[in-house]
Amino acid sequence: MVSQLSLVTDEMFHDAAFTLKEASHLDRVFRHLNLTQLFIKGWSDGSALASFLNLLPLLQNRNEFVKLPMDEKLILNKDKSEKNDSVDSFFGSFKSPLNSFMHLRKEVRPSHFWATIPKHGCKTVVIHFAGTGDHFFWRRKVSFARPLLTHEVGSIVIENPFYGLRKPKDQFRSQLRYVSDLLVMGSALVMEANVLIKYIERQELGFPCLTGISLGGYTCSLAATTLPKATPVAPCLSWTTSSNVYTQGILSTVVKWPVLQQTIPQLSSFTQFPDLCNLNTISPESISAKVLLFHLLERATHLGNYSCLVDPRLATVVVAKDDAYIPRNTNDLTTEVWPGAEKIELNGGHIEGIFRHTQSFIDAILLTINRFKRLYSAYQ
């Protein structure tokens with residue numbers, strides 16, 4: 001579980017800054033080309049953070065999570081632009097189950113996805129989660145879904161909350177305005193993935209597989225922890241927690257720290273979590289925003305705080321050796337959190353991985369699918 005607040009200091013983040021200088025040069029250059037800033041409005045959009053913290057124990061306990069209602073009605077519409085007669089391609093939408101647990105912005109409430117399923121011989125459907133800035137479906141459709149069709153593997157490409165069709169009108173690009181937006185995004189996708197898996201099972205399309213790159217790698221990992229069956233998962237360019245991503249990695253340079261510092265006194269919702277930060281006994285003005293964000297995200301996103309995968313052998317984790325976006329100075333995902341998972345390390349950094357290693361990610365997905373077939377042949 002999360003360490004006490006006093007055990008983490010600002011000096012830890014200064015040390016991490018020196019480590020970044022040794023990371024990928026391309027990652028650092030790309031950051032300076034990106035104008036997006038994060039959390040420009042502060043910690044919470046209304047009561048969203050308090051609602052998330054109330055829901056968190058259910059998300060982190062699979063035995064309790066599976067009791068939640070996840071049977072939403074799907075609305076499907078044929079994708080008339082697809083000309084391949086050997087597949088069914090369609091758009092879909094449904095109400096996010098998260099809407100039953102907290103108030104969501106109206107643009108975020110409906111979940112949207114695009115799917116392409118082989119008409120004959122489909123035994124696997126991969127759910128593709130979006131990385132940071134990956135709006136709509138085009139990139140994942142072209143780079144992953146279509147190549148996987150040649151292996152008789154179907155795909156469902158899901159839209160992130162706050163992205164594409166689900167982006168609030170007053171949001172600039174991928175600029176999440178509140179810390180709570182990030183947490184709402186993850187919890188919504190966890191629930192929505194469960195809805196889609198139930199659809200795959202009802203339609204007898206074979207077994208599901210989860211994958212994603214960067215932020216998508218992390219959200220697919222979160223979703224996998226809630227599944228009651230052994231399920232293949234291939235997170236790419238992600239790791240164990242987002243706490244160090246936003247406080248120590250390259251993305252820490254785009255967080256609006258002055259705003260977070262100024263809005264700490266508004267966080268009365270934290271008083272119900274004394275192990276995170278008891279604002280009844282600690283003066284808000286004496287707390288560093290960076291330390292507080294680290295602890296919040298460590299509590300809310302560290303995969304070690306969630307149920308372990310039913311079978312960690314079905315996880316293939318792809319990382320970049322010199323990744324400046326995803327620090328790996330935390331619990332080892334493949335030995336400590338998911339013991340038995342496989343790790344594949346690519347040369348280069350985060351951005352190089354995204355643009356140059358698409359085939360490596362596809363190979364990892366297929367490797368994981370084939371491992372499931374070998375270990376669970378009775379499922380076939």
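**Exercise 1.** Describe how helix H6 (residues 179-202) and helix H7 (residues 215-225) cross.

*Solution.* Start with the axes, which are lines fitted to C-alpha atoms over the stretch in contact. Those of H6 and H7 come within 9 Å and cross at roughly 55°. Next, classify the angle. Under 35 degrees is roughly parallel, over 145 roughly antiparallel, 65 to 115 roughly perpendicular, and the rest oblique. H6 and H7 are therefore oblique to each other. Then list the contact (heavy atoms within 4.5 Å). H6 supplies Leu182, Met185, Gly186, Leu189, Val190 and Ala193. H7 supplies Leu215, Thr219, Leu222 and Ala223. By class, eight of these residues are nonpolar, two polar and none charged.

This is a predicted model, where local features need pLDDT of at least 70, side-chain atom pairs count only at pLDDT 80 or more, and totals for chains, interfaces and linings use all residues. Residues are numbered from 1 along each chain as its sequence is written, and side-chain values use heavy atoms, leaving out hydrogens and water.

**Exercise 2.** How covered is helix H3 (residues 48-59), and what does it pack against?

*Solution.* Count first: nine of the twelve residues of H3 are buried. Among them are Phe52, Leu53 and Leu59. The buried residues pack against helix H4 (62-65), H6 and helix H10 (289-301).

Terms used. Axes are lines fitted to C-alpha atoms, for helices over the stretch in contact, and angles run from 0 to 180 degrees between N-to-C directions. Helices (H or I, at least four residues) and strands (E, at least two) are DSSP runs, numbered from the N terminus. Ala, Val, Leu, Ile, Met, Phe, Trp, Tyr, Cys and Pro count as nonpolar, Asp, Glu, Lys and Arg as charged, and the others, Gly among them, as polar. Buried means under 20% relative accessible area, exposed over 50%, partly exposed in between (1.4 Å probe, protein chains only).
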